[in-house]
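Open your viewer and get ready to select side chains.

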Amino acid sequence: MSGCIWKYSQYLDEEDFMFARRFFITYKIGSEYYGLNEKPMRRMAWESGAVYKIGKRVLIRRDIFEEYLRDNQRIVDLLIESDEEKLLKTYEKHMKEGNLYE
């Protein structure tokens, strides 16, 4: 195995290993794997700069997107938990402070 994935192999299943082999993913695959709806998946993919358009096909570079998710873990957790009230409060607080993703 390449990278550091071998350190966490006891926590991973076959789906995780198959997903880790992909360099690019689509919105549908990403939203299913990360547990996000397609709209937040699209927004975060574009914000991360991981989107590649080839004709009509849109691909997301997985390593860039996952780095973005790690950097913004708190907001992603609130999205996955679907706690919209906490998410709005966090978003408004950070917008007032001018640092949305800290």
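A residue is buried under 20% relative accessible area, exposed over 50%, and partly exposed in between (1.4 Å probe, protein chains only). The model is predicted: local features need pLDDT of at least 70, side-chain atom pairs count only at pLDDT 80 or more, and totals for chains, interfaces and linings use all residues. Residues are numbered from 1 along each chain as its sequence is written, and side-chain values use heavy atoms, with hydrogens and water left out.

How many salt bridges does a search of the whole structure find? The search finds four. A salt bridge here is a side-chain nitrogen of Lys or Arg within 4 Å of a carboxyl oxygen of Asp or Glu. Three of these stops follow.

**Stop one.** Select arginine 42 and glutamate 38. Their side chains meet in a salt bridge, 2.7 Å from N to O. Both sit in helix 3 (residues 38-48), four residues apart, so about one helical turn separates them. Helices (H or I, at least four residues) and strands (E, at least two) are DSSP runs, numbered from the N terminus. Arginine 42 is partly exposed at 38%. Glutamate 38 is partly exposed too, at 37%.

**Stop two.** Stay in helix 3 and select arginine 43 and glutamate 47. Their closest N and O atoms are 3.3 Å apart, in a salt bridge. Again the spacing is four residues, or about one helical turn. Arginine 43 is partly exposed, at 38%. Glutamate 47 is partly exposed, at 38%.

**Stop three.** Now select arginine 61 and aspartate 63. This salt bridge brings N and O to 2.9 Å at their closest. Arginine 61 is partly exposed, at 23%. Aspartate 63 is partly exposed, at 33%.
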